[in-house]
Amino acid sequence: MEKLIAGKSIEVNEEGYLTKFAQWDKTVGEELAKEANIDLSDRHWEVLNYLQTEHKNEVALSIRRIGKSGIVDIKEFYALFPNAPLKTATKIAGIPKPASCI
Amino acid sequence: MKRIVILGAGTAGTMMANHLRHELDKEDWEIQIIDEREEHHYQPGYLFLPFDIYSPEDIIKSIKEFIPKGVKLLTAKIDQVIAEKNMVLLQNGDQLHYNVLIVATGAKIAPEEIPGMKGSEWQKSVFDFYTFEGSLALRNKLREWEGGKLVVHITEMPIKCPVAPLEFAFLADSFFKHKKMRDKVEITYVTPLSGAFTKPKATEALEHLLSEKNIQIESDFAIAEVNNETKQIIDYGGRAIDFDLLVTVPTNKGDALMERSGLGDDLNYIPTNKATLQSLKYENMFVLGDASNIPASKAGSVAHFEAEILTENILHYINGEPLKEEFDGHANCFIETGNGKALLIDFNYTHEPVEGTFPFPGIGPMRLLKESRMNHMGKLAFRWIYWNVLLKGTHIPFVSATMQESGKNFN
């Protein structure tokens with residue numbers, strides 16, 4: 001489905017995750033952050049950039065791996081993106097919600 | 001004489017020993033299987049032991065009993081795999097060269113990963129049921145427990161048998177009802193996932209059952225610590241959940257041997273091709289069961305389906321032929337829902353569990369994703385099948401290694 005984000009029509013799935021990363025830009029990220037009641041600081045952006053890079057490298061994202069990344073520890077990750085940080089951060093970053101393996 | 005070495009004589013390793021001895025000429029191929037233990041445990045039985053449904057004798061047999069003639073069983077601790085030299089180093093200093101290595105060392109719990117989990121309350125009010133010792137200690141606790149807050153908890157994914165903690169919660173509900181003390185027990189299911197399960201349709205069905213059985217669910221809970229003084233589990237966001245009895249599934253990890261050998265990822269699982277089961281790094285190394293990092297369930301049924309496909313691939317490899325990219329992540333799991341009923345789910349990498357009939361399309365007799373007594377009978381019968389059919393590498397009639405799409409209601 002299409003959603004109007006930061007004045008642009010963007011493809012998203014039922015949960016609001018972007019389905020085409022090419023449509024993502026910083027203004028889209030900022031708008032999505034606002035929806036999650038988050039004011040993006042430089043620290044947020046460092047984490048978001050890291051997640052996008054990992055996604056491009058096809059690394060499966062997990063809270064554990066992020067905690068060991070050296071970019072951010074889990075406590076700070078929660079402070080930056082409260083409640084469900086991985087779900088929130090990936091949505092803002094314009095990448096798919098991580099599928100936990102089964 | 002060439003040699004195949006199998007590491008681990010659990011479900012996966014034992015099945016491979018049986019398959020390969022059947023397929024390979026004894027004149028050409030020696031097969032050795034190594035395990036440090038002497039007992040083979042029927043791990044699905046750990047779920048039933050706490051509720052006095054199974055006794056220890058139902059769960060434990062000797063490894064020896066299931067290793068076929070013509071396969072050499074070595075009871076020894078493995079120190080290291082030196083893959084560059086095609087060599088296994090044992091702790092007693094012996095060296096074993098191989099032409100083909102099969103790794104089936106499984107996964108284990110690692111409660112030490114979470115601060116406080118293996119603290120002063122361990123096996124007093126904090127239990128696991130993924131080990132025989134844990135499950136037995138929990139049985140003894142449940143025999144005497146007078147009620148309170150029972151928290152069933154998953155630390156992080158992936159875990160062996162991802163449905164087992166749900167089954168534990170369902171069986172607990174049933175157990176306390178039979179003891180006429182359900183009103184004294186508050187059951188909460190705490191998971192790092194966003195819902196009861198990893199796949200949407202099964203999640204819906206299972207959450208319905210949870211609410212029907214008055215089991216609360218707390219999702220998206222990434223545990224930071226267990227507080228032994230206040231008896232709480234606390235997540236990274238500061239959310240705290242009180243318990244009187246915590247039944248947790250700790251972090252699962254591959255064998256520490258992988259770390260010593262430089263073969264594993266950050267959880268000691270070996271990077272493996274998910275369709276061929278060949279190691280991504282060494283072409284004469286194959287991995288099956290819980291030891292690999294493939295995105296399939298860590299479950300005996302998966303190891304069973306893998307073993308059929310891996311046997312073919314090892315024959316291809318030995319004959320210098322290309323490997324078949326055939327494994328589809330097929331898993332088939334009974335989910336005990338209490339009161340003599342169970343659900344059955346059948347799925348693979350690309351198809352989530354849905355409703356339908358199994359194994360005969362349109363007929364059954366088992367129903368997919370629906371509670372039934374027949375499914376429960378299937379689960380109990382499975383223990384017999386495990387010991388008498390599955391471990392011996394005998395094909396289970398009508399159940400194919402790859403998932404069957406007919407008889408399932410996809411849409």
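How many residue pairs are in polar contact between chain B and chain A? In this predicted model, in which local features need pLDDT of at least 70, side-chain atom pairs count only at pLDDT 80 or more, and totals for chains, interfaces and linings use all residues, side-chain values use heavy atoms, with hydrogens and water left out. Residues are numbered from 1 along each chain as its sequence is written, and chains are lettered from A and ligands numbered from 1 in the order in which they are written.

Between chain B and chain A, 5 residue pairs are in polar contact, both residues being at pLDDT 80 or more; a polar contact is a pair of N or O atoms within 3.5 Å, where within protein one must be able to donate a hydrogen and the other to accept it, and residues adjacent in sequence count only if both atoms are side-chain atoms. The rule also finds 4 salt bridges across this interface, a salt bridge being a side-chain nitrogen of Lys or Arg within 4 Å of a carboxyl oxygen of Asp or Glu. The side of chain B that touches chain A is made up of 11 nonpolar, 5 polar and 7 charged residues, where Ala, Val, Leu, Ile, Met, Phe, Trp, Tyr, Cys and Pro count as nonpolar, Asp, Glu, Lys and Arg as charged, and the others, Gly among them, as polar. In terms of contact (heavy atoms within 4.5 Å), 23 residues of chain B meet 13 residues of chain A. The two chains bury about 1,500 Å² between them, with 56% of it on carbon and sulfur atoms; this buried area is the accessible area (1.4 Å probe) that two parts lose on being put together, summed over both. Of the area that chain B buries against chain A, 37% is supplied by Asp220(B), Tyr236(B) and Asp266(B), more than by any other three residues.

Ile114(B) lies in the loop between strand 10 (107–109) and strand 11 (126–127) of chain B, helices (H or I, at least four residues) and strands (E, at least two) being DSSP runs numbered from the N terminus. Ile114(B) counts as buried because its relative accessibility is 9%, the classes being buried under 20% relative accessible area, exposed over 50% and partly exposed in between (1.4 Å probe, protein chains only). Although 110 residues separate Ile114(B) from Ala224(B) in sequence, their C-alpha atoms are 6.6 Å apart in space, and residues touched by Ile114(B) include Thr155(B), Ile223(B) and Thr251(B).

Over all chains, the whole structure holds 24 salt bridges. In one of them, Lys408(B) pairs with Asp346(B), the closest N and O atoms being 2.7 Å apart; Lys408(B) lies in the segment after helix 8 (373–390) of chain B and Asp346(B) in strand 22 (residues 341–347), so the pair ties together parts that are 62 residues apart in sequence. Both partners count as buried, Lys408(B) at 9% relative accessibility and Asp346(B) at 2%. In the salt bridge between Asp35(B) and Arg37(B), at 2.8 Å from N to O, Asp35(B) is buried at 5%, whereas Arg37(B) is partly exposed at 47%.

Note on methods. Lists of a residue's contacts leave out its neighbours within four places in sequence.
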